[in-house]
Structure formats: C-alpha cells, structure tokens
Amino acid sequence: MKKLILASVFTFVGFTAFAQPSETTVEETVIVSATQDGFSEIEMSELPEAIASAVSTNYPSATIDKAHVNDQKQYKLEVSLEDGTSGTLYADENGNWIEM
C-alpha cells in the first residue's frame, strides 16, 4: 500500500512539473541595409550627369555596374572594362576623381 501511495505522489508531482505555464518570447529582428564603408547603393538614374560624363571621358570602354553614395555626396562606382577587368572608382558629385 505504501508503494501505491508513493507511486501516486511521484506521478502527481511529475505531471504538475510539466503543466507549468511557459512564457513564449518573440524577438523581432531588424535588418539595416548599410555597408561598412558608409556607402549605400543607388539606382543608375540617380547618378549625376557629371559623374557619368567623367567616366565616359576618362574610361571610354568602361561600363558602370553599380553605384553607391555616402553622406558626403561621394560616389563609389564599380566599373568593368571590355577586356573583363573590373575596378572601383571614387568621385565627388561634380565628377572630380578622389582617392579613398
């Protein structure tokens, strides 16, 4: 009889341990699209005409693949040449080349 009562107590304690209400935590993740160097990608239509003409004048065989801009209105251009080489150019909003 003692074993039956002891088994009942253990069963009761076991069920109540699993019946505890659990708190569900939902975390919201915010993704910020920014690069480490402070440049964010822009559309080609947003590229100033002075920069597009500077590229075509100084690099006639170059094609602008991507354009980026930072808060100081400096532009980072990813360009590729006809021979398959690619590189990065930096210019200010007036089309003047700058070194970064």
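Trainee: Which residues make up the largest nonpolar core?

Mentor: A nonpolar core is a set of buried Ala, Val, Leu, Ile, Met, Phe, Trp, Tyr and Cys residues joined through side-chain atoms within 4.5 Å, where buried means under 20% relative accessible area, exposed means over 50%, and partly exposed lies in between, with a 1.4 Å probe and protein chains only. Here the largest such core has 12 residues in all, namely I42, L47, I51, V55, A62, A67, V69, Y75, L77, V79, L89 and A91. At least two residues of this core are supplied by each of α2 (49–58), β2, β3 and β4 (86–92), and the largest share, three residues, comes from β3. Please keep in mind that this is a predicted model, in which local features need pLDDT of at least 70 and side-chain atom pairs count only at pLDDT 80 or more, while totals for chains, interfaces and linings use all residues. Residues are numbered from 1 along each chain as its sequence is written, and side-chain values use heavy atoms, with hydrogens and water left out.

Trainee: How many helices and strands does the protein have?

Mentor: Helices (H or I, at least four residues) and strands (E, at least two) are DSSP runs, numbered from the N terminus. The protein has two helices and four strands, and from the N terminus on these elements follow the order α-β-α-β-β-β.

Trainee: In which sense do β2 and β3 pair?

Mentor: Two strands pair if DSSP finds at least two bridges between them. β2 and β3 are antiparallel, with six bridges, and T63 has S80 in β3 as its bridge partner. Strand β1 (residues 40–42) also runs antiparallel to β2, joined to it by three bridges, and S40 stands opposite V69 there.

Trainee: Where is K73 found, and is this residue buried or partly exposed?

Mentor: K73 lies in the loop between β2 (63–69) and β3 (74–80), and its relative accessible area of 41% makes K73 partly exposed. The hairpin of these strands has four residues between them, and K73 takes a positive phi near 60° in it; K73 is a residue other than glycine.

Trainee: Which residues is V79 in contact with, leaving aside its neighbours within four places in sequence?

Mentor: Contact means heavy atoms within 4.5 Å. With those neighbours left aside, V79 is in contact with A62, T63, I64, D65, T85, S86, G87 and L89. V79 is also one of the residues of the largest nonpolar core.

Trainee: What percentage of the 100 residues in the protein is buried?

Mentor: Buried residues make up 21% of them.
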